[in-house]
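Q: I would like to go through this structure with you. Could we begin with the way the helices pack, and then move on to other topics?
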Amino acid sequence: MQVGEEVATDDYVRPGYMLSREANAQEVSWSQSTLLEPKEIEAAFDVEAPRHPWPPLPHQPSPYPATLKTGFKIALAGLALLLLLTFLFSGGPTLFRGTVPLALDGRENSATLGPVVVNRPYQLVSIRAVAPRLENAWVDIDYALVNRETQESYQAYGLAERYSGQDSDGPWTEGSRGATVKLAAVPRGTYDLVVDYTGNRWGTAPIAYDTPTWNSGGGKDPFSGSSGGATEDMSIEVGQAQVFVSNFILALLLLFVPLIFIFWRHLSFEKARQGESDTGPTGVAAMFQSGDDDEEEDD
Amino acid sequence: MGRGAFLYGLWSLGVVGLFLGSTFYAYSPFADGGRVAPRAGFYGPTHK
């Protein structure tokens, strides 16, 4: 090797190692280098070695895969625990089932149902109302679950609405004849369910259920001959559970978002590490290569 | 186990613990209870 001598060089890397080729007209020499830890460099040469050089060295291993691998196992264990808890605490017997008369006349009605007995220290109480023949109408429902002993009240609002019609694309329907609300953390006790509800028709739509023969299979048009004022029953069912699906989804997000963040850091590291490669990215950097990266390579 | 994995383990433990606590107290930030105000404004289909 002499001053001013020119050689053609190639470096082949894998994290932790580099194989270098230097060639001129007289000879070809190969050398293998092993990446040292900054502490080893400082101890050997008494210089300050950069801890986190950026962009990373071509053969610098990403610090994230070990964390990702262990983190993924932890996340799977957490997911299994969440599923087990959800399975163990989901569902339960119905606490109350009843019906109230419903008229689509725009007038508010009130009914007191019960008793609803909550046995657990704290209970998720779900209330489902279904008006099976609701059509082009809606029902506003205000619930108040009132503790008979303390008069403490837990309130919620539900809305069942169902519409249908026909346009240039054909028949359409919208909404649901049922509405479910969920009350959180209802303490143990005996409750009355006070239901204030108002049935309304949409626009000038006729009442679907005011013809007695409609449900008898007689083939009569349910919208014919409407005069309003008749009633049907709206069923009210009070159920119990302990787990909110929204809580489960939130826990899943909280569990996996850090892993996604670590993976993104790993991806950024690998893209930067392979940024000067003549052969293009490999591994995870190649899997998530963006269109911009492709254009840069073409240039 | 590295520092990152250890911290993530602690985080996961906290998440599962919170889920367990919310399950015991049947609590959810997304529960319907307390929403006493009826829906204001437009009733009817949004079909176009």
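This is a predicted model: local features need pLDDT of at least 70, side-chain atom pairs count only at pLDDT 80 or more; totals for chains, interfaces and linings use all residues.

Q: Which residues make the contact?
A: From α3(A) the contact uses A:Asn247, A:Ala251, A:Leu254, A:Leu255 and A:Pro258. From α1(B) the residues are B:Tyr8, B:Trp11, B:Ser12, B:Val15, B:Phe19 and B:Ser22.

Q: And what classes do they fall into?
A: The contact of α3(A) with α1(B) has eight nonpolar residues, three polar ones and no charged residues.

Q: Zooming out, how many residues of the two chains touch?
A: There are 33 residues of chain B in contact with 42 residues of chain A. The chain B side of this contact has 19 nonpolar, 11 polar and three charged residues.

Q: What else is there to say about chain B?
A: Chain B has one helix and zero strands. Of its 48 residues, 23% are buried.

Q: How confident is the predictor in chain B?
A: The mean pLDDT of chain B is 78, with 67% of its residues at 70 or more. Over residues 34-39 of chain B the pLDDT is below 50, and this stretch has 10 contacts in the model beyond near neighbours in sequence.

Q: What are the values for chain A?
A: Chain A averages a pLDDT of 84, and 87% of the residues score at least 70. In residues 210-228 of chain A the pLDDT falls below 50; this stretch has 21 contacts beyond near neighbours in sequence. For the complex, the predictor gives an ipTM of 0.74 and a pTM of 0.70.

Q: New topic: strands. How do β6(A) and β7(A) pair?
A: β6(A) pairs with strand β7 (residues 153-167) of chain A in the antiparallel sense, over 10 bridges. Within this part of the chain, A:Tyr143 stands opposite A:Ala156 in β7(A). The two strands, β6(A) and β7(A), form a hairpin with five residues between them, and A:Gln151 in the turn has a positive phi of about 65°.

Q: What joins β7(A) to β8(A)?
A: A hairpin joins them through two residues. Seven bridges link β7(A) to strand β8 (residues 170-176) of chain A, and the strands run antiparallel. A:Ser164 has A:Thr173 in β8(A) as its bridge partner.

Q: Which other residues have a positive phi without being glycine?
A: One of them is A:Asn136, with a phi of about 50°, in the loop between β5 and β6 (137-147) of chain A. Another is A:Ala185, with phi near 50°, in strand β9 (residues 178-201) of chain A.

Q: Is A:Asn136 buried or exposed? And what does A:Ala185 count as?
A: A:Asn136 is buried, because 24 other C-beta atoms lie within 10 Å and the cut-off is 20 or more. A:Ala185 has 18 C-beta neighbours inside 10 Å, so it counts as partly exposed.

Q: Finally, where are cis peptide bonds found?
A: One is the bond from A:Trp54 to A:Pro55, with omega near 0°. A:Pro55 lies in the loop between α1 (38-45) and α2 (65-89) of chain A. Another joins A:Gly114 and A:Pro115, where omega is about 5°; A:Pro115 lies in strand β5 (residues 108-130) of chain A.

Key
Residues are numbered from 1 along each chain as its sequence is written. Chains are lettered from A and ligands numbered from 1 in the order in which they are written. pLDDT is the predictor's confidence in each residue, from 0 to 100. Two residues are in contact if their C-beta atoms, placed from the backbone, lie within 7 Å. Ala, Val, Leu, Ile, Met, Phe, Trp, Tyr, Cys and Pro count as nonpolar, Asp, Glu, Lys and Arg as charged, and the others, Gly among them, as polar. Helices (H or I, at least four residues) and strands (E, at least two) are DSSP runs, numbered from the N terminus. A residue is buried if 20 or more other C-beta atoms lie within 10 Å of its own, exposed if 12 or fewer, and partly exposed in between; C-beta atoms are placed from the backbone. Two strands pair if DSSP finds at least two bridges between them.
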